[in-house]
Amino acid sequence: MLSYLAGVSKPVNGLSAISTNLRHAAFRLQANSRCTTWRSFQRSAIIGVPTTSGSTVNPNSSHAAAKGPIGKVQTISPLAPIGVQAALLHAEGPSADPALSPRPKIFEEFSLNGRVGVVSGGNRGLGLEMALALCEAGCKAVYCVDLPELPSAEWEATSAFVKALGNSSRLEYVSADVTDQQNLWGKVEQMADKEGRMDVCIAAAGVLKAHQDCLNYPAEEFREVMDINTNGVLYTAQAAGRQMVKFKQPGSIILIASMSGSITNRDHAWVSYNTSKSAVLQMGRSMACELGPLGIRVNTLSPGHIYTKMTAAYLDKQPHLLEKWSNMNPMGRLGRSDELRGVIAWLASDASSFCTGSDILVSGGHHSW
Ligand SMILES: NC(=O)c1ccc[n+]([C@@H]2O[C@H](COP(=O)([O-])OP(=O)(O)OC[C@H]3O[C@@H](n4cnc5c(N)ncnc54)[C@H](O)[C@@H]3O)[C@@H](O)[C@H]2O)c1
């Protein structure tokens, strides 16, 4: 058994020599943590008790260096056996355990069942759409943080819709300014204490101002945009990350940047917005490197043009921009808010468990031209 667990058993006919029963038993012992390390899996298999270690395996250890069909695998999916590993196990013969019968698992990987999220800018627009996606994916509670004292009619309708989904999920609304670091930390701490966890953070609050020539850009307005779009994103990510650490759990932090962080929108004098979004891209990479060892993933999501109240300030006043913006990507149209649901569910869930420090561009190909 130990040699199997260390991954040194010899393959027979392309499969491990371990007996089918033992392999099935080992997979039944999968740990209940979302990032089970190979070593903790080994320990759980040996002592028969699942562990919840979130630490990583030293790649120089004998386990990591071991040869064999699974010898280079340092972690194991909470849904193991999964993928080709499940197929190979199945090929060894049927299991007496119905839980190990072949079944599709791809959508289970996207499940957020029982998790808790916080979304800044969640009173409307992309933030609210993303909050709803988290609820539909199974979060037990998603807290929307935004400026107004009371939530919008749009938020109320979405909250009622979540209740009607019947999956025990709920939306909560909390009024807070993301530029007030201490207040935000305190509010998110209260959420996490109430729920007993914090798993997902989406920092979506942001502003886009009117055109201002870069050589005359007023200092006060530049500071204001940076304070909300960059500093506020940091404070939001900190607020949630501190709770993930406090509760000793892995988590996913998604910073909403923009394609404007890596390209300049043609004919638009948006130096403050573009600068603030570039900073978010580097913030994401930097935080990902610091927090990776703690099992907290940090990625940025960079949408292209999508019609919301933010962009309506341009599109409604200058209708020619609809065609202009649409023609700037190969899809020939603007994106829809709901077209971010999939990427949010992927980034928030274990389906993206090896993705951190990345920027995910969802721009209809705007960058490709
Ligand atoms: N709509 C797009 O085309 C597009 C494209 C790329 C990136 N984005 C980004 O997506 C995010 C959401 O944008 P949206 O289009 O939904 O805009 P939106 O204006 O509809 O929503 C932004 C929300 O942020 C909130 N907010 C602003 N300042 C705040 C503060 N200090 N504290 C708390 N909340 C605050 C607003 O009240 C609002 O509810 C923004 O970060 C934006 O830059 C949008």
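I began with the contact between two helices: Glu129, Met130, Ala133 and Leu134 of helix 6 meet Arg341, Ile344, Ala345 and Ala348 of helix 13. I counted residues as in contact if their C-beta atoms, placed from the backbone, lie within 7 Å. Helices here are DSSP runs of H or I with at least four residues, strands are runs of E with at least two, and both are numbered from the N terminus. By class, this contact holds 6 nonpolar, no polar and 2 charged residues. For the classes I took Ala, Val, Leu, Ile, Met, Phe, Trp, Tyr, Cys and Pro as nonpolar, Asp, Glu, Lys and Arg as charged, and the others, Gly among them, as polar.

A note on the source: this is a predicted model, where local features need pLDDT of at least 70, side-chain atom pairs count only at pLDDT 80 or more, and totals for chains, interfaces and linings use all residues. Residues are numbered from 1 along each chain as its sequence is written.

**Helix 6 and its helix partners**

I looked up the geometry next. Helix 6 (residues 125-136) packs on helix 13 (residues 341-348) at an angle of about 55°, with the axes 9 Å apart. Axes are lines fitted to C-alpha atoms, for helices over the stretch in contact, and angles run from 0 to 180 degrees between N-to-C directions. Helix 6 and helix 13 are therefore oblique to each other. The cut-offs are under 35 degrees for roughly parallel, over 145 for roughly antiparallel, 65 to 115 for roughly perpendicular, and oblique for the rest. I noted the crossing of this pair as right-handed, which is the case when the near helix is turned clockwise from the far one by less than a right angle, anticlockwise being left-handed.

With helix 7 (residues 153-165), helix 6 makes an angle of about 10°, and the axes are 11 Å apart. Helix 6 and helix 7 are therefore roughly parallel. Leu128, Leu132, Cys135 and Glu136 of helix 6 meet Glu154, Trp155, Thr158, Val162 and Leu165 of helix 7. I sorted that contact into 6 nonpolar, 1 polar and 2 charged residues.

I then traced the strands: 7 of them form an open sheet in the order 7-6-5-8-9-10-11, with parallel pairing. Strands count as paired if DSSP finds at least two bridges between them. Strand 7 (170-175) and strand 11 (359-362) are at the edges with a single partner strand each, so one side of each has no neighbour in the sheet. The twist averages 20° from one strand to the next.

Strand 8 (residues 200-203) and strand 9 (residues 251-256) pair over 4 bridges, and I found Cys201 opposite Ile253 in strand 9. Helix 6 lies across several strands, including strand 5 (116-120) and strand 6 (141-146), and runs at about 170° to strand 6. Helix 7 also packs on the sheet, touching strand 6 and strand 7, at about 150° to the direction of strand 7.

**Around the ligand**

Which residues come nearest to the ligand? Of the 27 around it, they are Gly121, Gly125, Gly206, Thr308 and Met310; a residue is near if its C-beta atom, placed from the backbone, lies within 6 Å. Helix 6, helix 9 (219-246) and helix 11 (309-315) each give two or more residues to this shell. By class, I have 11 nonpolar, 12 polar and 4 charged residues in the shell.

I followed helix 9 to its contact with helix 10 (residues 271-291): the axes come within 9 Å and cross at roughly 20°. Helix 9 and helix 10 are therefore roughly parallel.

Most residues other than glycine have a negative phi, and most peptide bonds are trans. Ser168 has a positive phi of about 65° and is in the loop between helix 7 and strand 7. A cis peptide bond joins Ala80 and Pro81, with omega about 0°. I placed Pro81 in the loop between strand 4 (75-76) and helix 5 (84-91).
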